[in-house]
Amino acid sequence: VFAQKKPNVIYIYADDLGYGELGSYGQQKIKTPNLDKIAKEGIKFTQHYAAAPVCAPSRAMLMTGKNSGHSYIRGNYELGGFEDENEGGQMPLPEGTFTIAKLMKQAGYTTGAIGKWGLGMSNTTGDPNKQGFDYFYGYLCQKQAHNFYPTHLWENGKWDTLKNSYIQVHKPLAKDAPAAAFDYFKGKEYSVTKMAEKTVAFIKENQKKPFFLYLPYTGPHVSLQAPDEAVKDYMGQFEEHPYYGENGYASALYPRATYAAMITYMDKQVGEIMKLLKELGLDKNTIVMFSSDNGPTFKTGGADVDFFNSAGGLRGKKQDLYEGGIREPFIARWPGKIPQGKVSNHISVQYDLMATLSELTGQKAWDNDGVSFLPTLLGNTNKQKKHDYLYFEFPEKGGQVAIRIGDWKGVKSNMKKNKNAPWEIYNLLTDEKETTDVAAQHPELAKRFEEIMKKEHQPSHIRDWEFIDPKFSGKE
């Protein structure tokens, strides 16, 4: 479409950031001035979804344009431990997968990924350099990403040593531990800072040619760890109780200030990227997008997401298919092309990115489940196709399915115990918080949801993920 001068594309992906954690989405306590500016100078979506309520499957579906009934990866599947010598990563994307990075390479882009990958180590088929990325820097394994002061990150398959001692990040402290004991969880080199430096280098190096940059930064996923100077900005603003690691992850002396600082620090890095684009004269020809992989964390790692209203008042959190687990901020800016200050309630999902980039670049994508939202971005809403429905299935936390058709949403829970669990049905137009189940009044919708589930679910290659139509009793 824009062949004369291809626009650069930067897609920033936060980790466990909830629908209500940006100022532009109503956050009161945490400052996100740079992301709010992107929303103000571009478009903000109010009905945008992650494809899954946890890390790895969300990332896989973003990369491949598939929904969770078709995706190769549908849950977090760990292949190693936390220790450096046991680093094994998660289930790798298989060989020959068509990813958005391969699409962009096909369109003549230089491609980079900097942040948390979670789709296979570099010695597997899931190596980002084999999945379409010319350059990768960051965490290959999600378990390593539980620590913001790791001994190493990875650069194109090579171990990059950081100036940090090894931290056993899930080791709890004693309840009477002195303040100095919390210093164990600090290091010299903060991973987000390193990733931001590599981002600046990548943009400078590739400024003369079109680039696609995927930035899955790791804030605010616990552990609660942030540079001291970032935490200082929030000191004394909230009532604090030290977190001693009793629910896993690093202990934190000022858990609330640290959590807020993690988001603001990430926002600051986004500000640096925006400044650099202006300095290099790339600003007008770069599309910057921002979203998050799933809703805010549940009671774990000392994060107090209820205090911050992280889900923006929506029901559920990470690991849930209620709105709080999957509805995400999505903002995009492209000066002169995306109209300023627009708010869109177009119903969209992260597996739409493949179709959107395909339309943007004029490249044919492989078979995918997405609908391009480019018309909405460019203000041509009369040309915007709509989804017939959005489909979600999630094998963890008891086995869940959710389907959205227009304003209607169906949710099934605990399907591993009861394959024929009843549909809960909510009208999101009048009941965004999913408080009132109207299934009794709408048997016709339950029937339709059931048909969609049968149509969209393909059997998985992993037994643990096969909860919709298992062919085994579990008693073998």
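The side chain of Arg-74 reaches out to the backbone oxygen of Ser-71 at 2.8 Å. It also reaches the backbone oxygen of Gln-458, again at 2.8 Å. This is a predicted model: local features need pLDDT of at least 70, side-chain atom pairs count only at pLDDT 80 or more, and totals for chains, interfaces and linings use all residues. Residues are numbered from 1 along each chain as its sequence is written, and side-chain values use heavy atoms, without hydrogens and water.

Stay with Arg-74. It sits in the loop between α2 (55-64) and α3 (100-106). Helices are DSSP runs of H or I with at least four residues, strands are runs of E with at least two, and both are numbered from the N terminus. Is Arg-74 buried or exposed? It counts as buried, because its relative accessibility is 3%. Buried means under 20% relative accessible area, exposed means over 50%, and partly exposed lies in between (1.4 Å probe, protein chains only). Beyond its neighbours within four places in sequence, Arg-74 is in contact (heavy atoms within 4.5 Å) with residues including Pro-57, Met-61, Glu-393, Phe-394, His-457 and Trp-465. Trp-465 is 391 residues away along the chain, yet the two C-alpha atoms are separated by 7.0 Å.

Now move to helix α1 (residues 33-41), which holds Ile-38. Ile-38 counts as buried because its relative accessibility is 2%. Outside the four places on either side in sequence, its contacts are Val-270, Met-274, Val-288, Ile-331, Ala-332 and Arg-333.

Arg-333 leads on to the charged pairs. It forms a salt bridge with Asp-283, the closest N and O atoms being 2.9 Å apart. The pair links distant parts of the chain: Asp-283 is in the loop between α6 and β8, Arg-333 in strand β9 (residues 327-333), 50 residues apart. Both residues are buried. A salt bridge here is a side-chain nitrogen of Lys or Arg within 4 Å of a carboxyl oxygen of Asp or Glu.

Arg-256 and Asp-304 meet in another salt bridge, at 2.8 Å from N to O. Arg-256 lies in helix α6, and Asp-304 lies in the loop between β8 (286-292) and α7 (323-326). Arg-256 and Asp-304 are both buried.

Lys-175 and Glu-246 also form a salt bridge, at 3.5 Å from N to O. They lie 71 residues apart, in two loops. Lys-175 counts as exposed at 56% relative accessibility, whereas Glu-246 is partly exposed at 46%. How many salt bridges does the whole structure contain? A search finds 33.

Definitions and conventions
A polar contact is a pair of N or O atoms within 3.5 Å; within protein, one must be able to donate a hydrogen and the other to accept it, and residues adjacent in sequence count only if both atoms are side-chain atoms.
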